[in-house]
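Have the sequence and the 3D view side by side. We will walk from one loop to the salt bridges, then to the chain contact and a pocket.

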Amino acid sequence: MSEILVALQSTVAPANLAILVAGTLVGVVIGIIPGLGTVMAVALLIPFTFGMAPEMGISLLVAVFVGGVSGGCVTAILLRMPGTPSSVATVLDGYPLAQQGRGGEAIGNAIVASFIGTIISTIALIAFAPLLARFALRFYFPEFVAVSLFALTAISAVSGKYLLRGMVAALLGLLFATVGISESDALPRFDFGIPIMQSGFGFVPAIMGLFAISQMIKLAGEPSTDARVPVDGLRAGLPSLADFSRNLGNYLRSGIIGTVIGVVPAVGAATAGLISYAQAKAWSRTPDKFGKGHVPGIIASETANNAVIGGALIIALTLGIPGDPTTAVLLGGLMIHGIAPGAQLFNNHPEVIYAIYFTMIFSSCVMAVALIAFLRPLARAALLPKAILIPVVSLVACVGVFSINGNMFDLYVMLGFALLGLVMEKLRYPLAPLVLGMVLGPIIEGNLRMMLGQFGDISPLFTRPIALTFMCLSGLTVLYIGFRRILDRASVAQH
Amino acid sequence: MRKRQPWAKASGLETDYAMDHHPGDQTQAARKDPLRAARFEDAIVGVAALVVAAALYFATFHFRAVDWTPLGLAFWPRVILAGLVLAAIALIVLRQLDVHARFHLIRAELILFAAIVGFVLALPLFGFLATGAAYTFGTIMWLDADRRLGWVRAALLALAATALTYAVFGVGLNVRLPSGIIGDWWGL
């Protein structure tokens, strides 16, 4: 109880509250701007957390996450360009509504849905995370290896079009994680006699290179848009109490779908939005209205994509396994503060856990108020000229990376990963498995070596029930993707 | 209707092409000879992965031998490298044809990357304030090709962005940003 009060006091302290508000607003703005995304938003803010207490640092990153996912709806509705991929299903009904001159109503409903989705998933996080953490205390080396392999296999399988390319990306990530001092042996690997290489490739420089610098370089190659944000007379039209009650089932169903999908590694907010949208349509008495500007479609998509946040945090905080690049960066931010995620986090640092709970609630309130009150100026941010965006983001990314250790090597690492990210994107190799490989590499290696040291072979992966379950899930994921590919080929050949 | 490719049909590659083909989503290069280019790219990635894996596998023999852990330093990297070799062979053999995957760097991308590399290399020499302002101003001017901002606003924006970044990181977060030769002259 005392930890709850400490976390609450810390969260509502004026300075911390100001940080949360700023973090949420930064997240909303970055979420609104197409092409930036939540991974970049969270990564850019990591250097700002260095001077903060761990619970405040992670709260800032969670606030950015909530703001980023929520902000994506504005451009999805007004410009048919989702600010973040998570809002892709919002386009289906949001843009037609905007074309009918009801953009304000669409955004108002999206804001309420985002708020409800975050709150539902926060309740799930509060209810289930401690239970899962207690369950995770039963995990031993084989279980950690199996669950990490499952996360890596799942993300390799679903994040790109081709399983093999996802696998190559994941292996590259695992390989990059081996550079530098080995955690198990305290000796360097792949340092090639260069002393600075012993520190390995930092996670933040790698993320900044892959997601900030390479995205800016990609953006520079894209043609400038002449689109204009239709903000004249735009006001967020909130749903009436009657409308809200009528859609209550939709909110709850979509919130649950989003939370459950968030728990499953690799599936992500965009898929949650699409599945929830399809379910809302299936349950609707007027399915023919979907896709033509129907508010329940927006509610389904936005509730589900925000609910993914809580679901993703359940698995990330309790098992230390990130399900997507954004939670991977969040966990990276946590580890920079010397806090290891996992079941022990609930015992060792309960204040961090409670601060995350409060942050999710506060930042969803801030997000809703900010988007309602400042919709027009925020919407204008969507078309910030790239002549301003690219230099500023790249400058902040470079300085942010330098600020971690104050050495130039991190900047060179960032440049290397930026080039790698650009080449991978050009060749359509997914980046998410590479990031997860870098995070999970040390976890898999440490636990695998301990398991082999203790049991002598890999049989515990197939003889212990929990480990076996995750190994089966990994196998089934690969088989399912392979099978689907064969079916696709057969279907194309038939047509 | 798309003309059927007899050579593709004979080699069993036509279905791949049809599956990856989306109207209006092809570059000029892809339209010319999509299958050959895609096959070439996958083969290059596969061969590059094999070469890198072989070189790194060789490097694992130079790791220090340790007696306090039974599996040693090289165990895990070798497992990964073995996986990479298998994946590279599969890439070369299967050649997943993706006509959208064109390795085609646009000039603007190369220029910006070169600008960022230049900024990073110049940072220790000229310090953050001078390099940051020059990089930001140059990039704004280059990207603002239709001169909507103009050089005065570009200069003001560059100075403001650099000063704000310095204020946040250098002053607020106490990061010792590179001062370079200019900073040394001024005794910073």
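Start at A:Arg428, which sits in the loop between α19 (408-426) and α20 of chain A. Helices here are DSSP runs of H or I with at least four residues, strands are runs of E with at least two, and both are numbered from the N terminus. This is a predicted model: local features need pLDDT of at least 70, side-chain atom pairs count only at pLDDT 80 or more, and totals for chains, interfaces and linings use all residues. Residues are numbered from 1 along each chain as its sequence is written, chains are lettered from A and ligands numbered from 1 in the order in which they are written, and side-chain values use heavy atoms, with hydrogens and water left out.

What is phi of A:Arg428 near? Phi is near 60°, a positive value in a residue other than glycine. Most residues other than glycine have a negative phi. A:Arg428 is partly exposed, at 34% relative accessibility. The classes use relative accessible area: buried is under 20%, exposed is over 50%, and partly exposed is in between (1.4 Å probe, protein chains only).

A:Phe192 also has a positive phi, near 50°. Look for A:Phe192 in the loop between β2 (188-189) and α9 of chain A. A:Phe192 is exposed, with a relative accessible area of 53%.

Now turn to salt bridges. A salt bridge is a side-chain nitrogen of Lys or Arg within 4 Å of a carboxyl oxygen of Asp or Glu. The whole structure has nine of them over all chains. One joins the side chains of A:Glu445 and A:Arg189, at 2.8 Å from N to O. This pair links distant parts of the chain: A:Glu445 is in helix α20, A:Arg189 is in strand β2, and they are 256 residues apart. Buried or exposed, which is A:Arg189? A:Arg189 is buried, at 2% relative accessible area. A:Glu445 is buried too, at 6%.

A:Glu445 has another partner. A:Arg449 forms a salt bridge with A:Glu445, with the closest N and O atoms 3.0 Å apart. The two are about one helical turn apart, because they lie four residues apart in helix α20 of chain A. Shared partners join A:Asp185, A:Arg189, A:Glu445 and A:Arg449 into one network.

Next, see where the chains meet. In chain A, 63 residues are in contact with 73 residues of chain B. Contact means heavy atoms within 4.5 Å. Together the two chains bury about 6,000 Å², 79% of it on carbon and sulfur atoms. Buried area is the accessible area (1.4 Å probe) that two parts lose on being put together, summed over both. A:Leu164, A:Leu395 and A:Lys426 supply 11% of the area that chain A buries against chain B, more than any other three residues. How many salt bridges are there between chain A and chain B? The count is one. A:Lys426 pairs with B:Glu109, and their closest N and O atoms are 2.9 Å apart.

Finish at the second largest pocket. A pocket is an open set of points on a 1 Å grid over the protein atoms alone, where a 1.4 Å probe fits, with protein on both sides within 12 Å along at least five of seven lines; lining residues have an atom within 4 Å of a point. This pocket is lined by 48 residues, and A:Glu183, A:Met335, A:Val439, A:Pro442 and A:Ile443 lie nearest its centre. The largest share of the lining, eight residues, comes from α20(A).
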